[in-house]
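Biologist: I have the two-chain model open. Can you walk me through what is in it?

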Amino acid sequence: MKVKKVMLNINQFPIVNENTILKETLEEMDKYGIGIACIVNNKNHLIGIITDGDFRRKLLKVQKPFSAFYLDYAIDHAIISPVVCYPKASLIDSIDLMGLKQVWDLPVIDDKKKLVGLLHLHQAISKVLPK
Amino acid sequence: MKKNKIINIGHGNVNKFSIGGELPLAFVGGPCAIESRDHTLFMAEAISKICSKVEINWIYKSCYDKDCRSSPKSFHGIGLDEGLKILDEVRNSFGVPVVSDFSNPSWAKPTGEVCDIIQVPAYLCRQTSILKSAAETKKPILLKKGQFMSPWNMKNSCSKIESFGSEKIILAERGTFMGYNMLVNDMTSFPIMASTGYPVCYDATHSVQLPTSMGNISGGQREFIPNLVRSAVANGINLLFMETHNKPDEALSDSNTVLDIKYLEKILLQAKMIHETRLEILKKYGKDNVHV
């Protein structure tokens, strides 16, 4: 089975842009109940990701007031070279990759770096578990 | 951290220059309020001579309506039509770009038609109707940081202006309220506001203001202007703002903070030298790299 069959489509997970502040990014993640937001530029190319874990680590480290932290651009706190997968990749290989990298989500991009979906561990696992 | 944006100043037959990034420091100066045609032309000529000598690009600043005076008895201004006519004469006579603030959305269009920069007063820095009308002029906007605003909250005002189609913003620090009748200058506001990518300005004369400290008028400690200018320029600014007058005690607005023109040359020379030295330091030793 290929990633394309299982991945969440563009309107099913949090996507923000380079001008989105952290407050709005958190709201977007909360809206979908998914612990990752993909950050794209105006050509829809993936330029970074930010996850619940990144927020957790920032909360323990950043000393500025919340009001200032909320107004930071998400891209300034993002992982700018995230682990990704491709629509035609094998689902099993991609789940292995998630295990190897200890992540719950893999942004799915095409060969031009355009964001086309998100592979979320829950959906991925449910497809390979015996019914 | 956004990429530095460069703002082009000047339209028509005035000296045109750009500010932002690592470009030379520029200056904004003039009396707080337009007092009369003759005084305005006198001040423009006097400041022009000093700026030519110092070799610094500059913008003439004077306002036609002072809507935030503490007392109803204070001079309110010469008025929109007469004021803009005088500012236009300054442009034509000295080839210098001009700036005035505006306090009513309906004044933005005529102000933008004459002025090279349109200024948003600090007290109005988050008023949507004001920001919208400023953006619609398509002129660069000198956006003063409200004394009640944190530097990071100015991003919200920038977002409003951007949503109305303008990305020509200069963010100005002018002191922050500390309790009653007192302003403090937080030098971290420059890197915070500069993280928007927009050029930053230091308004040194309003920063030493003691708002309404004299009961029905504002006082100020102008003796600190040189110190604060040196700190701000060394920190990293693109534009230095100082209200300037030939007879501060007789100034019709902000007489307790306006800089006597006799001190202007020395302060500008220092500011220019510090700005150039800062750029040399950054080039030699690299940009700041201390992170969280």
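Modeller: One term before we start: two strands pair if DSSP finds at least two bridges between them. Also keep in mind that this is a predicted model.

Biologist: Fine. Which residue is the bridge partner of B:Lys61 in S5(B)?

Modeller: B:Val99 is the partner of B:Lys61. The strands concerned are S4 (residues 58-61) and S5 (residues 98-101) of chain B, which pair in the parallel sense over 2 bridges.

Biologist: What does B:Val99 stand opposite in S6(B)?

Modeller: B:Ile117. S5(B) and strand S6 (residues 117-120) of chain B run parallel and are joined by 3 bridges.

Biologist: And which way do the residues of S5(B) point?

Modeller: B:Val98 and B:Ser100 point one way, B:Val99 and B:Asp101 the other way. In a regular strand, side chains alternate between the two faces of the sheet.

Biologist: Are those four buried or exposed?

Modeller: All of them are buried, B:Asp101 included.

Biologist: What makes up the β-α-β unit with S4(B)?

Modeller: S4(B), helix H2 (residues 80-94) of chain B and S5(B), and the unit is right-handed. The chain then crosses from S5(B) through helix H3 (residues 108-114) of chain B to S6(B), in a β-α-β crossover that is right-handed.

Biologist: Changing topic: how many residues of chain A are in contact with chain B?

Modeller: 6 residues of chain A, against 5 residues of chain B. Helix H4 (residues 66-71) of chain A gives the most to the chain A side, with 3 residues.

Biologist: What classes are on that side of chain A?

Modeller: 3 nonpolar, 1 polar and 2 charged residues.

Notes
Residues are numbered from 1 along each chain as its sequence is written. Chains are lettered from A and ligands numbered from 1 in the order in which they are written. This is a predicted model: local features need pLDDT of at least 70, side-chain atom pairs count only at pLDDT 80 or more; totals for chains, interfaces and linings use all residues. Two residues are in contact if their C-beta atoms, placed from the backbone, lie within 7 Å. Ala, Val, Leu, Ile, Met, Phe, Trp, Tyr, Cys and Pro count as nonpolar, Asp, Glu, Lys and Arg as charged, and the others, Gly among them, as polar. A residue is buried if 20 or more other C-beta atoms lie within 10 Å of its own, exposed if 12 or fewer, and partly exposed in between; C-beta atoms are placed from the backbone. A crossover is right-handed if, with the strands pointing away from the viewer, the path from the first strand over the helix to the second runs clockwise.
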